[in-house]
Amino acid sequence: MSSRTILSVDGSPRSDRARRAEPAREDGWPPPPHDPRERELALVVAGWEVRIFTGRKFEYFVARGFWHLQLWHPEARVSVLTPSRLTRGLYEAYPIENWKAQAPDYDKLAALLGGLFAARLPDASAVLRLERALVADVVRGSGGVPS
C-alpha cells in the first residue's frame with residue numbers, strides 16, 4: 001500500500017492508495033520525478049535550486065502540459081514540483097513520510113514543509129514569479145497546453 005499523502009482542500013492529509021510507495025533509492029537520491037539530477041540548474045533562490053528540463057524533455061513536457069519547475073534544497077534534500085498535469089495541478093513535495101505529499105496552493109505547501117524541514121520555501125511572491133516566468137509564459141509562448 002502507498003504511504004503517499006495528499007493534502008485535501010481543507011488541509012487534512014489523506015492517503016492515495018493507487019500508487020505503490022517508492023522510498024529514496026539506496027544511493028540516497030529521491031525517485032523520479034523528484035531526482036534533481038534529471039534537470040538542469042537554472043538559478044538559486046533563497047537557498048533553493050530552481051531546476052528545469054532541457055532539450056528533448058523540455059519539448060515533450062511543454063507540448064503536453066507537463067511543464068513545471070522543480071525546487072530542490074540540496075542541504076535538506078527536499079524536492080518540490082510546481083503544479084502541472086504531471087502532479088494533477090497540485091504542488092508535490094518529497095519526502096513526506098518517506099513518500100510524496102501534495103498541496104493545492106502555496107500556503108498549504110509552506111505549512112506542510114514548515115513543520116518538517118528547517119529549509120523555508122522562498123516567499124510566495126518569488127515562487128509565483130518563477131512559475132509565471134518559467135512555466136506559464138513558456139507554455140503560452142510554445143502554444144502548448146497551460147499547466
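1. The hairpin of strand 7 and strand 8 has two residues between its strands, and Glu-97 there takes a positive phi near 50°. Helices and strands here are DSSP runs numbered from the N terminus (helices H or I, at least four residues; strands E, at least two). Asn-98, in the loop between strand 7 and strand 8, likewise has a positive phi, near 65°, and is not a glycine. Asn-98 has a relative accessible area of 45%, so it is partly exposed; buried means under 20%, exposed over 50%, and partly exposed in between (1.4 Å probe, protein chains only).

2. This is a predicted model, in which local features need pLDDT of at least 70 and side-chain atom pairs count only at pLDDT 80 or more, while totals for chains, interfaces and linings use all residues. Residues are numbered from 1 along each chain as its sequence is written, and side-chain values use heavy atoms, with hydrogens and water left out.

3. Strand 7 (residues 91-96) pairs with strand 8 in the antiparallel sense over four bridges; a pair of strands requires at least two bridges found by DSSP. Ile-96 stands opposite Trp-99 of strand 8. Strand 8 (residues 99-103) is mostly covered, with five of its five residues buried.

4. Two cis peptide bonds deserve a check. One runs from Tyr-94 to Pro-95, with omega near 0°, and Pro-95 is in strand 7. Another runs from Pro-32 to Pro-33, with omega near 5°; Pro-33 is found in the loop between strand 2 (13-15) and strand 3. Most residues other than glycine have a negative phi, and most peptide bonds are trans.

5. Ala-46 also has a positive phi, of about 50°, although it is not a glycine. Ala-46 lies in the loop between strand 3 and strand 4 and, at 56% relative accessibility, counts as exposed.

6. Over the whole protein, the secondary structure comes to three helices and eight strands. Their pattern along the sequence is β-β-β-β-α-β-β-β-β-α-α. Of the 147 residues, 45% are buried. Among contacts (heavy atoms within 4.5 Å) between residues at least 6 apart in sequence, 45% join residues at least 24 apart.

7. Helix 3 (residues 124-142) has 19 residues, which at 1.5 Å a residue should span 27 Å; its end C-alpha atoms are 26 Å apart, which agrees. The expected span is 1.5 Å times one less than the number of residues. Just after helix 3, Gly-143 takes a positive phi of about 80°.

8. The buried residues of helix 3 are Ala-126, Val-127, Leu-130, Glu-131, Val-135 and Val-139. An α-helix has 3.6 residues a turn, so residues three or four places apart point the same way. The cover over the buried residues of helix 3 includes strand 3 (40-45), strand 4 (48-52), helix 1 (55-63), strand 5 (70-73), strand 7 and helix 2 (106-114). Glu-131 is the entry in the buried list that I would inspect by eye.

9. The structure holds seven aromatic pairs. The rings of Tyr-60 and Phe-66 have centres 6.4 Å apart and planes at 10°, so this pair is stacked. Rings of Phe, Tyr and Trp (its six-membered ring) pair if their centres lie within 6.5 Å; planes under 30 degrees apart count as stacked, over 60 as edge-to-face and the rest as tilted. Tyr-60 is partly exposed at 40% relative accessible area, whereas Phe-66 counts as buried at 19%. Phe-53, Tyr-60, Phe-61 and Phe-66 form one aromatic cluster.

10. Phe-66 also has the charged end of Arg-85 over its ring, 4.9 Å from the centre. The charged end of Arg-77 sits over the ring of Trp-29, 4.4 Å from its centre. A charge sits over a ring if NZ of Lys or CZ of Arg is within 6 Å of the ring centre and within 35 degrees of the ring normal.

11. Ala-118 is in the loop between helix 2 and helix 3 and counts as exposed, at 82% relative accessibility.
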